[in-house]
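User: I would like to go through this model by question and answer, beginning with the ligand and moving on to the strands and the backbone.
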Amino acid sequence: MDYDIVIIGAGPAGMAAAIEAKISGAGSVLVIDRDIETGGILNQCIHSGFGLHRFSEELTGPEYAERYSKALRESGAQVMLDTMVMSLECKGREKLVRAINPVSGIMEIHAKAVILAMGCRERTRGAIQIPGDRPSGVLTAGTAQRYVNIEGYRIGKKAVVLGSGDIGLIMARRLTLEGAKVLACVEIMPYSSGLNRNIVQCLDDFSIPLLLSHTVTRIVGRRRLEGVVIAEVDSERKPVAGTERFVECDTLLLSVGLIPENEITAGAGIELDPRTRGPYVDGSMETSIEGIFACGNVVHVNDLADHVSLEGERAGRSAAEYVRAGAEANRRQIGVFAGTGVSYIVPQYLSAGVVSGSNELSFRADRVFKNAYLIVRSESGAVLKKVRRPRITPGEMERISVRNDIIDNAVDITISIEEV
Ligand SMILES: Cc1cc2nc3c(=O)[nH]c(=O)nc-3n(C[C@H](O)[C@H](O)[C@H](O)COP(=O)(O)OP(=O)(O)OC[C@H]3O[C@@H](n4cnc5c(N)ncnc54)[C@H](O)[C@@H]3O)c2cc1C
């Protein structure tokens with residue numbers, strides 16, 4: 001099988017990439033997903049809050065996904081579902097995707113360009129190593145979300161949520177609406193890692209306490225969870241002796257971080273950024289291997305599907321352009337670095353010599369800032385751009401637009417956050 005562009009993943013990133021690639025004139029485009037329907041993680045996110053930026057409307061996850069699924073069906077791109085991509089190989093300009101499904105078995109698919117859009121997965125109990133028994137009732141928040149919203153199960157009656165990322169906050173509210181008592185949301189950091197709107201709408205509105213600087217130090221229960229021990233932590237995130245208390249519950253939801261799905265990426269020899277755990281990309285979303293692009297949560301964990309769709313469109317446009325015109329000859333790259341207060345930044349490279357237009361840079365702060373400046377500096381320390389923000393938190397992804405003409409002479413640029 002031969003295609004111009006193969007896209008791995010049919011979540012919001014992959015769908016937007018396929019639609020935009022077709023709009024940009026790509027010939028044959030194939031989207032592959034291991035699931036039996038398009039939409040990715042959005043299908044289980046039945047709460048509203050999607051599409052505020054994209055459509056100026058408040059949609060549920062499935063509604064947002066359906067708008068893109070419909071456009072994808074009408075785009076002329078081909079979709080192959082229930083198909084798992086196992087590997088990606090690059091032989092010069094030729095890319096080989098190996099995939100498997102129950103009907104065709106193992107397939108070898110050749111492509112001129114590939115777009116990675118595999119999303120991310122949740123960190124589990126094993127990743128954070130909570131001591132104690134191994135009873136049932138300990139689940140990641142996303143698994144619980146699937147059980148409740150798609151499979152229709154009731155997962156427990158008394159729950160504690162560990163981690164205050166958005167999935168945990170949303171599931172605290174969801175379980176309450178399903179008749180369970182959510183006793184607390186426990187967060188090891190002194191601030192929440194979720195969106196402020198979710199803290200208000202999912203915890204405050206339902207009187208669920210948010211215990212900051214606390215963690216779960218033990219899981220208790222032989223067959224089914226009987227309770228957890230919660231303790232306060234110090235500034236080093238170590239439990240404070242004497243603050244432990246036992247909380248009786250039958251369910252513990254873990255919302256302790258997401259990891260971009262990059263086994264295929266690493267297997268193809270694409271360079272990964274240790275901070276994002278996703279591939280390094282440039283302004284066109286191209287990875288370290290020519291003709292392989294990436295977008296969405298596989299690059300970095302986004303909090304809004306709207307931004308994921310934008311990244312997908314950028315990758316789709318760039319892949320179509322690559323297939324049409326080939327790689328740009330020796331374009332100079334400008335490095336983009338995370339300075340003080342910034343934990344990571346995407347894209348990590350921009351192209352010099354593109355004088356018109358601008359670049360959207362996405363990044364996260366490494367702590368909470370009140371009344372701060374976002375500052376873009378060149379390698380000489382010259383300030384290229386400065387914007388004031390009343391509040392910046394690690395839980396909310398920040399974005400800054402940088403015009404190409406102001407960075408054109410720079411060797412590299414650094415983004416930092418500095419208190420006023
Ligand atoms: C619980 C939760 C609540 C959220 N709430 C909001 C909200 O209120 N508002 C908002 O705007 N955003 C929200 N988001 C964020 C948003 O949903 C995500 O950022 C977005 O869905 C990520 O899109 P994606 O396409 O990168 O990944 P995904 O949606 O995860 O899609 C990736 C796709 O790749 C497929 N795939 C992976 N590996 C393979 C393989 N090897 N072979 C074949 N297919 C593969 C998967 O099956 C999946 O379909 C929420 C996210 C979660 C998890």
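User: Which residue has a polar backbone atom 2.7 Å from an oxygen atom of the ligand?
Analyst: This is a predicted model, in which local features need pLDDT of at least 70, side-chain atom pairs count only at pLDDT 80 or more, and totals for chains, interfaces and linings use all residues. Residues are numbered from 1 along each chain as its sequence is written, and side-chain values use heavy atoms, with hydrogens and water left out. With a polar contact taken as a pair of N or O atoms within 3.5 Å (within protein, one must be able to donate a hydrogen and the other to accept it, and residues adjacent in sequence count only if both atoms are side-chain atoms), the residue at 2.7 Å from a ligand oxygen atom is Ala305.

User: Which helix gives the most residues to the shell around the ligand?
Analyst: A residue is near the ligand if one of its heavy atoms lies within 4 Å of it, and 32 residues surround the ligand, with Ala13, Asp33, Val85, Asn297 and Ala305 the closest. Helices (H or I, at least four residues) and strands (E, at least two) are DSSP runs numbered from the N terminus, and those giving two or more residues to the shell include helix 1 (12-23), strand 6 (84-91) and helix 8 (305-325). With three residues, the one that gives the most is helix 8.

User: Which strands stand at the edges of the five-stranded open sheet?
Analyst: The sheet has the order 10-17-11-12-13 with parallel pairing, and within it strand 11 (residues 158-162) and strand 12 (residues 181-186) pair over five bridges. Each edge strand has a single partner strand, so one side of each is left without a neighbour in the sheet; these are strand 10 (138-140) and strand 13 (210-211).

User: What is the bridge partner of Val376 in strand 27?
Analyst: Strand 27 (residues 412-419) runs parallel to strand 20 (residues 333-338), to which four bridges join it. Seven bridges join strand 24 (residues 369-378) to strand 27 in the antiparallel sense. In strand 27, Val376 has as its bridge partner Ile415.

User: What is omega for the peptide bond between Val346 and Pro347?
Analyst: Most residues other than glycine have a negative phi, and most peptide bonds are trans. Pro347 is in the loop between strand 21 (342-346) and strand 22 (349-351). The bond joining Val346 and Pro347 is cis, with omega about 0°.

Key:
Two strands pair if DSSP finds at least two bridges between them.
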